[in-house]
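Me: I would like to learn how to read strands, sheets and a nonpolar core from a model, going one feature at a time. Could you take me through the case shown here?

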Amino acid sequence: MSCDSDGGNRVRDQSLLSAEVVSCDQAEDVNWTTSDHWLVIVDLSGTPIDAIRPGASGRPLIIVADGGLKVDEALTSPAFRDVEPDDIGVVVVDGQRVLGVWSGPELEQHMYPVPPWKEGPDSAGIPYDHIAAPGNLSGVPTIPHITRTCAYNEDDTTCMTVETFARKPPAMPQCKNSRQLTDHTFAW
Ligand SMILES: [Zn+2]
């Protein structure tokens, strides 16, 4: 009996795309549009807060997932509900270390033809009681979560407030509005 007997079925064992990690205080020096690989932006504590596709095309949905999770556990989590597989970049982490990005056909083949979240009730998937909140209990996989910056724009200033969500909210919450623009709801 081995704990690693199903090791090939973990998120970290998928074909991950290499990613360059950029601290948020250096992000302004990066030329996003010329990069040929994913860029993962982390805050000053090393937590991923956003990711940019090669060439900065589009605005993918970023889901942060622990590499130690089983693929099924990860894909049945609420973060993957009501989102389009071709629009997702999964930032795979081992603690504070970014292992790479799971995206494109390598991810889609696991979500098609029947996305796991369409098959079961809400209780399917991860046993929440045993999942640590982000940053807690090292060694315990954290639940996958969406990280998103607010796209609200006012007088050529984009809000950029970072929020994390367990899943895409059916109704957008009030934005925490870190740049103190006019009060607004979070702009997805
Ligand atoms: Zn905002």
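Me: Which residue in S6 is the bridge partner of Val 93?

Reply: Please keep in mind that this is a predicted model. As a general idea, strands of a sheet pair through backbone hydrogen bonds, either parallel or antiparallel. In this case, the partner of Val 93 in S6 is Val 98, and the two strands concerned, S5 and S6, pair in the antiparallel sense over six bridges.

Me: What is the order of the strands in the open sheet of five strands?

Reply: The order is S6-S5-S4-S7-S10, and the pairing within this open sheet is mixed. Its edge strands are S6 and S10, the latter spanning residues 162-165, and each of them pairs on one side only. Ignoring direction, neighbouring strands of this sheet are turned by 30° against each other on average.

Me: Which strands form the open sheet of three, and why is one side of S1 and of S3 left without a neighbour in the sheet?

Reply: The three strands run in the order S1-S2-S3, again with mixed pairing. S1 and S3 stand at the edges and each has a single partner strand, so one side of each has no neighbour in the sheet. From one strand to the next, the twist averages 25°. S1 and S2 pair in the parallel sense over five bridges, and Glu 20, for instance, has Leu 39 in S2 as its bridge partner.

Me: How many helices and strands does the protein chain have, and in what order do they run?

Reply: The chain has two helices and 10 strands, which run β-β-β-β-α-β-β-α-β-β-β-β from the N terminus on.

Me: Which residues touch the most other members of the largest nonpolar core?

Reply: The general idea is that in soluble globular proteins, nonpolar side chains tend to be buried together. Here the largest nonpolar core holds 31 residues, and Val 40, Ile 63, Val 90 and Val 91 touch the most other members. Among the elements that give two or more residues to this core are strand S2 (38-42), strand S4 (61-66), helix H1 (71-75) and strand S5 (88-94). If residues up to four places away in sequence are not counted, Ile 63 touches Ala 79, Phe 80, Ile 88, Val 90, Pro 144, His 145 and Ile 146.

Me: What percentage of the residues in the protein chain is buried, and what percentage of the contacts between residues at least 6 apart joins residues at least 24 apart in sequence?

Reply: Buried residues make up 30% of the 188 residues in the chain. Of the contacts between residues at least 6 apart in sequence, 52% join residues at least 24 apart.

Key: Residues numbered from 1 in each chain as written. Predicted model: local features only at pLDDT ≥ 70, side-chain atom pairs only at ≥ 80, totals over all residues. Core = buried A, V, L, I, M, F, W, Y, C linked by C-beta atoms within 7 Å. Buried ≥ 20, exposed ≤ 12 C-beta atoms within 10 Å, placed from the backbone. Helix = DSSP H or I, 4+ residues; strand = E, 2+ residues; numbered from the N terminus. Contact = placed C-beta atoms within 7 Å. Pairing = 2+ DSSP bridges. Axes fitted to C-alpha atoms, helices over the stretch in contact; angles between N-to-C directions.
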